[in-house]
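Biologist: I would like to learn how to read a structure like this one, feature by feature. Please show it, and I will ask as I go.

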Amino acid sequence: MSEPTLFDLSQPGKRCTRMPRPERAAEELVPTRHLRAEAPALPEVSEPEIARHYARLAAWNFNVDRNFYPLGSCTMKYNPRAHEAIAADPGWARLHPATPDECVQGALELIAELETWLAAILGMDAVSLQPPAGAAGEFTSLRVFRAWHDARGDAARTRVIVPDTAHGTNPASVARCGWEVTVLPSGEDGRVSPEALADALGDDVAALMLTNPNTLGLFETRVLEIAEMVHDAGALMYCDGANLNALLGHARPGDMGFDAVQVNLHKTFSTPHGGGGPGAGPIGVVAKLEPFLPAPRLVEREGALGWDWDRPQSIGKVQAWFGNFLIAVRAWAYIRAMGAEGLRRVTEDAVLAANYVRGALRDTLDLPYPGACMHECVLSAKTLAGETGVRAADIAKRLLDYDIHPPTMYFPLVVDEALMIEPTETESKATLDRFIAVMREIARDAAEHPELLHDAPHSTPVRRVDEVTAARKPVLRWREG
Ligand SMILES: *Cc1c(COP(=O)(O)O)cnc(C)c1O
């Protein structure tokens with residue numbers, strides 16, 4: 001690429017702010033074995049050059065503040081600025097986690113309140129804010145399940161059943177927990193069939209992991225029957241709660257028979273995400289699992305809040321300190337601002353938006369599972385590919401030319417040429433209408449000018465990249481020559 005790196009801009013002697021020299025020699029401040037023998041080979045550039053370099057790179061990046069970002073299952077909703085301002089308040093942002101409990105009662109109160117609110121939203125008895133992401137919430141919950149089985153002397157359970165529509169983190173969490181995955185094929189209607197589940201269950205099964213609504217955007221209508229079967233087999237029910245945007249104020253995993261669920265605060269509860277930045281995946285559990293939750297637990301003692309480390313049955317810590325606190329602050333602000341009625345509306349508008357897009361595009365693309373969806377819809381470019389050779393990936397790349405972020409592609413795996421679209425509740429009807437019009441135009445171009453799609457994107461700073469080579473031989477650092 002022709003764009004200069006900071007190394008290309010480097011000229012000996014250029015520098016940024018001149019910091020005062022420390023009064024003491026480096027050898028006095030740092031053990032000599034940690035001192036560098038030579039200065040690192042960093043580019044020598046001026047501060048404006050650095051600022052402009054990163055501003056230019058940032059402008060290349062697609063983000064939800066820029067335009068529509070219907071990346072299915074990721075819930076890329078707009079993140080209100082007010083919540084960012086609240087989280088940036090030095091009263092929260094500059095708190096040191098080692099501050100004595102009696103000096104941070106306000107922060108502990110916020111944590112306690114968020115735990116209570118999430119428990120109410122989930123229909124669960126106890127919440128831990130410690131896991132730092134959705135996948136970490138899955139892993140933590142499975143460890144809690146494992147501890148519960150072990151405590152009952154039921155340690156011979158080694159399998160976890162995971163439907164074939166599950167997010168890849170589900171089997172990964174099972175494996176990290178030292179268990180085996182049994183893949184459950186979905187039924188014809190895209191849902192888990194109790195008949196297939198009966199075949200997979202056994203007294204060596206520790207849990208079923210179910211996403212509800214599932215990644216096809218479909219509600220698992222037979223979840224109560226499924227929960228009863230799983231519990232009868234002595235196993236536990238785990239809800240991958242990443243799709244909570246479809247349930248707020250309308251349905252609760254606890255009422256569906258789930259024993260544990262994670263909440264992706266960075267999805268449903270509005271925290272900027274997508275760049276790999278900090279998130280939070282609190283978990284809610286039923287009362288019998290509470291003793292096994294990560295330590296420490298927040299408790300009230302003699303009228304004050306404090307951390308209880310004396311948790312003999314706890315699985316231990318899964319994250320430094322108490323979790324990603326500033327994400328909790330944003331989620332607290334979001335729930336506070338929305339209120340119960342507002343959260344109900346979030347789900348209603350999210351489901352309405354997804355069904356609006358589904359209804360408008362079902363003649364343009366294939367709709368593998370007919371009928372209403374929840375907060376996202378999955379369409380297929382299969383028929384288009386058959387007629388024109390244009391694949392889901394080509395459509396995704398072409399959308400970039402319209403400054404729209406592509407939907408999730410090729411997932412869930414059970415749908416050929418899948419395009420998974422999650423508009424979220426924060427998009428206006430005008431935005432959805434433009435997206436629909438663009439998708440129809442792209443489908444027309446697929447028939448008439450397929451090369452336009454095969455070569456897309458045409459207008460982005462980086463054109464189509466060789467994704468296979470990028471994945472197999474990633475270039476992650478600059479090297480001279
Ligand atoms: C996003 C997502 C996850 C994983 O959450 P992270 O916070 O990215 O770890 C798990 N399951 C589903 C269905 C998801 O959409």
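Biologist: How many Å separate an oxygen atom of the ligand from an N or O atom in the side chain of Lys267?

Modeller: A polar contact is a pair of N or O atoms within 3.5 Å; within protein, one must be able to donate a hydrogen and the other to accept it, and residues adjacent in sequence count only if both atoms are side-chain atoms. For Lys267 and the ligand oxygen, the separation is 2.8 Å. The protein covers 87% of the 380 Å² of accessible area that the ligand has on its own. Such areas come from the Shrake-Rupley method with a 1.4 Å probe; for residues, only the protein chains shown count as cover.

Biologist: Before I go on, what kind of model is this?

Modeller: It is a predicted model, in which local features need pLDDT of at least 70 and side-chain atom pairs count only at pLDDT 80 or more, while totals for chains, interfaces and linings use all residues. Residues are numbered from 1 along each chain as its sequence is written, and side-chain values use heavy atoms, with hydrogens and water left out.

Biologist: Which residues surround the ligand?

Modeller: A residue is near a molecule or strand if one of its heavy atoms lies within 4 Å of it. Here the residues around the ligand include Ser73, Glu138, His167, Asp240, His266 and Lys267. Asp240 places a polar side-chain atom 2.6 Å from a nitrogen atom of the ligand. In the side chain of His266, an N or O atom is 2.7 Å from an oxygen atom of the ligand.

Biologist: Which helix gives the most to that shell?

Modeller: Helices (H or I, at least four residues) and strands (E, at least two) are DSSP runs, numbered from the N terminus. H7 gives the most to the shell around the ligand, three residues. H7 and helix H11 (265–268) each supply at least two residues.

Biologist: In what order do the seven strands of the open sheet lie?

Modeller: Strands of a sheet pair through backbone hydrogen bonds, either parallel or antiparallel. Two strands count as paired if DSSP finds at least two bridges between them. In this model the order is E1-E7-E6-E5-E4-E2-E3, with mixed pairing. Strand E1 (126–128) and strand E3 (180–184) are at the edges with a single partner strand each, so one side of each has no neighbour in the sheet. From one strand to the next, the twist averages 20°.

Biologist: How do strands E5 and E6 run, parallel or antiparallel?

Modeller: Parallel: two bridges join E5 (residues 236–240) to E6 (residues 260–262). Cys239 stands opposite Val261 in E6.

Biologist: Why does Arg18 count as exposed?

Modeller: Arg18 counts as exposed because its relative accessibility is 61%. Arg18 lies in the loop between helix H1 (6–9) and helix H2 (26–29).

Biologist: How many residues of strand E2 are buried?

Modeller: Five of its five. Arg159, Ile161 and Pro163 point one way from E2, and Val160 and Val162 the other way. Ile161 has a relative accessible area of 0%. Not counting residues up to four places away in sequence, Ile161 touches several residues, among them Thr182, Leu197, Ala207 and Met209. E2 and E3 run parallel, joined by five bridges, and Pro163 has Leu184 in E3 as its bridge partner.

Biologist: What do strands E8 and E9 form?

Modeller: A hairpin, with two residues between the strands; Glu302 in the turn has a positive phi of about 50°. E8 (residues 297–301) and E9 (residues 304–308) run antiparallel and are joined by five bridges. Val299 stands opposite Gly306 in E9.

Technical notes: Axes are lines fitted to C-alpha atoms, for helices over the stretch in contact, and angles run from 0 to 180 degrees between N-to-C directions. Buried means under 20% relative accessible area, exposed over 50%, partly exposed in between (1.4 Å probe, protein chains only). Contact means heavy atoms within 4.5 Å.
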